[in-house]
Amino acid sequence: MPNPQIVAFGSGFAGDNADVTVGMPSSWSAGHIIGLCVASDGFNVVLTQANGFTLAADPQSNEAQTTIAGVVGMHVYWKRAIGGSSDGLDPAPVIAAPNGSGGTVVCAHTNAYSGCRASGTPFHKVVTTLVTIAANAADLSITTDISGCTVLGIAAVEYNEPSFHGWGGTGAADPTPSLNIGTNTGLGNACSFSGGIAGRATPGTVTLAYFFDSAARQAQVTLALASEAEASVVGSIDGQLEGSAGPASTTTTIDASVNGALEGSSGIAVVG
């Protein structure tokens, strides 16, 4: 199947001492995946009105959130759209005021994607990394085990990054590594994030690379957005064990797909 593709971008939003209602993408259709990326200055983000958005996670329950306490954090949420962008069925989420959760600022952005699998979590894999020694470079890698994935790499930093650059990388096509999202704010303690996107038609490793203007500590989240269901695992058990009186061979099939594990619609890289 083709890799998931970007349908539309939202706008960047930021807030410090009040709740933040995040702008939705410009357009989407029922069944599209809407992603919400939120950077913080190092506290656990809370959605006061989730409106169907839930923290992104893969079938192994790896969650798309990571923080250096009091410094920088990155969080990714998602939902599967109930209707189209003009139907009024998918209201925008609301992020709690940072100063009520132990922080000073958040910045956020939404995107919509088509071609994702139709049930369960749309994420095949989620990887998080903390860069605790200040660095300019951001190198985010993930290895997919199924075909038809689009990789989203997102890196948040502890300062107000005023401009965004192109993403590079290896092991990807359709799309080739490029800028997907990015937003910044000088409010509070300041924070910024930039996101790259790349496609992987067959199982394998994708590395996304970015370079910030200044060295900084980072919170990174890398996700593989899938077009197909998880692969089934088929194991063959040889029945010819010593002393076995059973049949010569037995075949057991284990369905490892996790349909419905995180169904965002039933209740989630901003353009520089």
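**View A. Ser61 counts as exposed, at 58% relative accessibility.** The term exposed denotes a relative accessible area over 50%, buried one under 20%, and partly exposed a value in between (1.4 Å probe, protein chains only). The model is predicted: local features need pLDDT of at least 70, side-chain atom pairs count only at pLDDT 80 or more, and totals for chains, interfaces and linings use all residues. Residues are numbered from 1 along each chain as its sequence is written, and side-chain values use heavy atoms, with hydrogens and water left out. Ser61 lies in the loop between strand E6 (54–55) and E7; strands (E, at least two residues) and helices (H or I, at least four) are DSSP runs, numbered from the N terminus. Although Ser61 is not a glycine, its phi is positive, at about 70 degrees. Most residues other than glycine have a negative phi.

**View B. Ala190 is a further residue with a positive phi that is not a glycine.** The phi of Ala190 is about 75 degrees. The residue belongs to the loop between strand E14 (178–185) and strand E15 (191–200). Is Ala190 buried or exposed? With a relative accessible area of 10%, Ala190 is buried.

**View C. Strands E7 and E8 form a hairpin.** The two strands run antiparallel and are joined by four bridges; strands are taken to pair if DSSP finds at least two bridges between them. Ile68 stands opposite Val72 in E8. Three residues lie between the strands of this hairpin, in which Gly70 takes a positive phi near 75 degrees. Strand E7 (residues 65–68) has a covered face, made of Thr66 and Ile68, and an uncovered face, made of Gln65 and Thr67.

**View D. An open sheet of three strands has the order E3-E9-E5.** The pairing in this sheet is antiparallel. Strand E3 (20–21) and strand E5 (47–49) stand at the edges; each has a single partner strand, so one side of each is left without a neighbour in the sheet. Two bridges join E5 to strand E9 (residues 94–95). Across this pairing, Leu47 stands opposite Ile95 in E9.

**View E. Trp78 and Phe123 form one of the three aromatic pairs of the structure.** Rings of Phe, Tyr and Trp (its six-membered ring) pair if their centres lie within 6.5 Å; planes under 30 degrees apart count as stacked, over 60 as edge-to-face and the rest as tilted. The ring centres of Trp78 and Phe123 are 6.3 Å apart and the planes stand at 85 degrees, so the pair is edge-to-face. This pair links distant parts of the chain, with Trp78 in strand E8 and Phe123 in strand E11 (residues 123–144), 45 residues apart. Trp78 is buried, with a relative accessible area of 0%, and Phe123 is buried as well, at 4%.

**View F. Tyr210 and Phe212 form an aromatic pair that is edge-to-face.** Their centres are 4.8 Å apart, with 75 degrees between the planes. Tyr210 is buried, with a relative accessible area of 4%, and Phe212 counts as buried at 0%. Ring pairs link these two residues and Trp167 into a cluster.

**View G. The largest cavity holds about 60 Å³ of space.** On a 1 Å grid over the protein atoms alone, a cavity is a set of points where a 1.4 Å probe fits but cannot get out, and lining residues have an atom within 4 Å of a point. Grid points are joined across faces, edges and corners, and the volume is the space filled by probe spheres set on the points. Among the lining residues are Ile33, Gly35, Cys37, Tyr77, Phe123 and Leu225. Strand E4 (33–40), strand E8 (72–80), strand E12 (149–157) and strand E16 (204–226) each supply at least two residues of the lining. Which strand provides the largest share of the lining? That share, three residues, comes from E4. The lining has 10 nonpolar, one polar and no charged residues. In this grouping, Ala, Val, Leu, Ile, Met, Phe, Trp, Tyr, Cys and Pro count as nonpolar, Asp, Glu, Lys and Arg as charged, and the others, Gly among them, as polar.

**View H. Cys37 and Cys149 are buried.** The relative accessible area is 7% for Cys37 and 0% for Cys149. A search of the whole structure finds zero disulfides, a disulfide being a pair of cysteine sulfur atoms within 2.5 Å.

Conventions
1 Å grid on protein atoms, 1.4 Å probe; cavity = no way out; pocket = protein on both sides within 12 Å on 5 of 7 lines; lining within 4 Å.
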